Amino acid sequence: MSTRFSHVAVTVPAEQLQGALRSELLEFYGKVFDWHENPRLSIPGQRIFLRAPSNTQYITIRASEAPMQTSGYEHLGIIADSEAELRAIHERAAAMTARFPDAELQPIATGYGGALVTFRLRFRLPLTLEIQHLRAEASTPAS
């Protein structure tokens, strides 16, 4: 059997899906990850379908009067195909973090005896994103 994740759904305050906040959210994830809105499935002010990176892998962001709350550990893991790709994502995230000071970006770190290269990023979503690259000697992912 071959399975894979298709999407993750989160809720945010309605104002994050309107006006400038909505535009900034789309700009941030567009520039950092090249993720873009699927306008056929999005409803301005109510939900955004953020293709990550395709229509078969996406983040649904919905408005809610009781938005999702997390303690800090909860995250969405993203695998980079190479360490160079991970570092390029980090550079783009650093540039966007300079523009949007409410973004949180951790430095690149290694773990598991150097087998894992990773960093965390958070911007206006209730889940942190953990970007990882597993070096060839890695046998199991960490989260």
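Reply: One term is needed before anything else: helices (H or I, at least four residues) and strands (E, at least two) are DSSP runs, numbered from the N terminus. Residues are numbered from 1 along each chain as its sequence is written, and side-chain values use heavy atoms, with hydrogens and water left out. This is a predicted model, in which local features need pLDDT of at least 70 and side-chain atom pairs count only at pLDDT 80 or more, while totals for chains, interfaces and linings use all residues.

Me: OK, and how many helices and strands does the chain have?
Reply: The chain has two helices and nine strands, and read from the N terminus their order is β-α-β-β-β-β-α-β-β-β-β.

Me: What is the radius of gyration, and what would a compact globule have?
Reply: The radius of gyration is taken over C-alpha atoms, and the globule rule is 2.2 Å times the number of residues to the power 0.38. For 143 residues that rule gives a value near 15 Å, and the chain has 15 Å, so the two agree. Along its principal axes, the C-alpha trace spans about 45 × 40 × 25 Å.

Me: What percentage of the residues count as buried?
Reply: Of the 143 residues, 40% count as buried, where buried means under 20% relative accessible area, exposed means over 50%, and partly exposed is in between (1.4 Å probe, protein chains only).

Me: Back to Ser54, is it buried, exposed or partly exposed?
Reply: Ser54 is partly exposed, because its relative accessible area is 25%. Its side chain is joined to that of Thr56 by a polar contact of 2.9 Å. A polar contact here is a pair of N or O atoms within 3.5 Å; within protein, one must be able to donate a hydrogen and the other to accept it, and residues adjacent in sequence count only if both atoms are side-chain atoms. Ser54 and Trp35 are 19 residues apart in sequence, and their C-alpha atoms are 8.0 Å apart in space.

Me: Which residues does Arg4 touch?
Reply: Leaving out residues up to four places away in sequence, Arg4 touches Thr56 and Gln57, with contact meaning heavy atoms within 4.5 Å. Arg4 sits in the segment before β1 (7-12), and it counts as exposed because its relative accessible area is 60%. Arg4 and Gln57 are 53 residues apart along the chain, with their C-alpha atoms separated by 9.4 Å.

Me: Changing topic, which peptide bond is cis, with omega near 5°?
Reply: That is the bond from Ala52 to Pro53, and Pro53 has its place in strand β3. As background, most residues other than glycine have a negative phi, and most peptide bonds are trans.

Me: And what is the phi of Asp34?
Reply: Asp34 is not a glycine, yet it has a positive phi of about 65°. Asp34 is in the loop between α1 (19-33) and β2 (36-37), and it is exposed, because its relative accessible area is 52%.

Me: What about Tyr112, where is it placed?
Reply: Tyr112 is in the loop between β7 (109-111) and β8 (116-122). Its phi is near 50°, a positive value in a residue other than glycine, and at 62% relative accessibility Tyr112 counts as exposed.

Me: Moving into strand β8, is Thr118 buried or exposed?
Reply: Thr118 lies in strand β8 and counts as buried, because its relative accessibility is 12%. A polar atom of the Thr118 side chain lies 3.0 Å from the backbone oxygen of Ile131. Beyond residues up to four places away in sequence, Thr118 touches several others, among them Leu86, Pro107 and Glu130.
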